[in-house]
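I opened a new notebook page for this protein. My plan is to look things up one at a time and write down what I find.

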Amino acid sequence: LVNTGWVGGGYGVGDRCSLKYTRQLIDAIHDGTLADLPESEWEEMPIFGLKMPKNAIKDVPKEILRPEEAWLQAGQSQEAFEKQA
């Protein structure tokens with residue numbers, strides 16, 4: 001699953017995920033960067049149970065890969081994040 005939607009909050013609060021970051025994530029899928037990450041570099045995402053990288057991939061900040069962190073850094077509450085999810 002690649003986040004191409006809103007980062008740091010819902011519509012009207014957050015921003016669209018940068019096309020630059022989306023392209024880098026797709027490149028990481030195609031060139032094997034993500035497939036080559038050891039199991040220890042992945043963490044389960046709360047609520048959805050999806051696995052997400054623990055660290056940045058290429059030039060994509062980890063906050064883009066970790067939506068909950070992006071919301072909290074943008075001043076959104078944990079409750080708002082969970083409601084949106």
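My entries follow, from the whole chain down to single residues.

**Ground rules.** I am working with a predicted model, where local features need pLDDT of at least 70, side-chain atom pairs count only at pLDDT 80 or more, and totals for chains, interfaces and linings use all residues. Residues are numbered from 1 along each chain as its sequence is written, and side-chain values use heavy atoms, with hydrogens and water left out.

**Entry 1: the overall layout.** I looked up the helices and strands first. Both are DSSP runs, numbered from the N terminus: helices are H or I with at least four residues, strands are E with at least two. I found four helices and four strands. Along the sequence their order is β-β-α-β-β-α-α-α.

Entry 2: How much of the protein is buried? Buried means under 20% relative accessible area, exposed means over 50%, and partly exposed is in between (1.4 Å probe, protein chains only). Of the 85 residues, 28% are buried.

**Entry 3: the core.** I searched for nonpolar cores, meaning sets of buried Ala, Val, Leu, Ile, Met, Phe, Trp, Tyr and Cys residues joined through side-chain atoms within 4.5 Å. The largest one has 11 residues, including Val7, Leu25, Trp42, Val60 and Leu65. Helices α1 and α2 (62-65) are the elements that give two or more residues to this core. I then checked Leu25 for contacts (heavy atoms within 4.5 Å). Beyond four places in sequence, Leu25 touches Val2, Val60 and Leu65.

**Entry 4: Gln24.** Setting aside neighbours within four places, I found Gln24 in contact with Lys58, Asp59 and Val60.

**Entry 5: Arg16.** I found Arg16 in strand β2 (residues 15-16). Arg16 is exposed, at 52% relative accessible area. Leaving out neighbours within four places, Arg16 contacts Thr4, Gly5 and Trp6.

**Entry 6: salt bridges.** Side chains of opposite charge can pair when their charged atoms come close. I counted a salt bridge where a side-chain nitrogen of Lys or Arg is within 4 Å of a carboxyl oxygen of Asp or Glu. How many did the search of the whole structure find? It found two salt bridges.

- Lys58 pairs with Asp31, with the closest N and O atoms 2.7 Å apart. Lys58 is in the loop between β4 and α2 and Asp31 in the loop between α1 and β3, so the pair ties together parts 27 residues apart in sequence. Lys58 is partly exposed at 43%, and Asp31 is partly exposed at 43%.
- Lys51 pairs with Glu39, with the closest N and O atoms 2.5 Å apart. Lys51 is in strand β4 and Glu39 in the loop between α1 and β3, so this pair ties together parts 12 residues apart in sequence. Lys51 is partly exposed at 48%, whereas Glu39 is exposed at 53%.

**Entry 7: Ile47.** My last stop was the loop between β3 (42-44) and β4 (51-53), where Ile47 has its place. Ile47 is exposed, with a relative accessible area of 51%.
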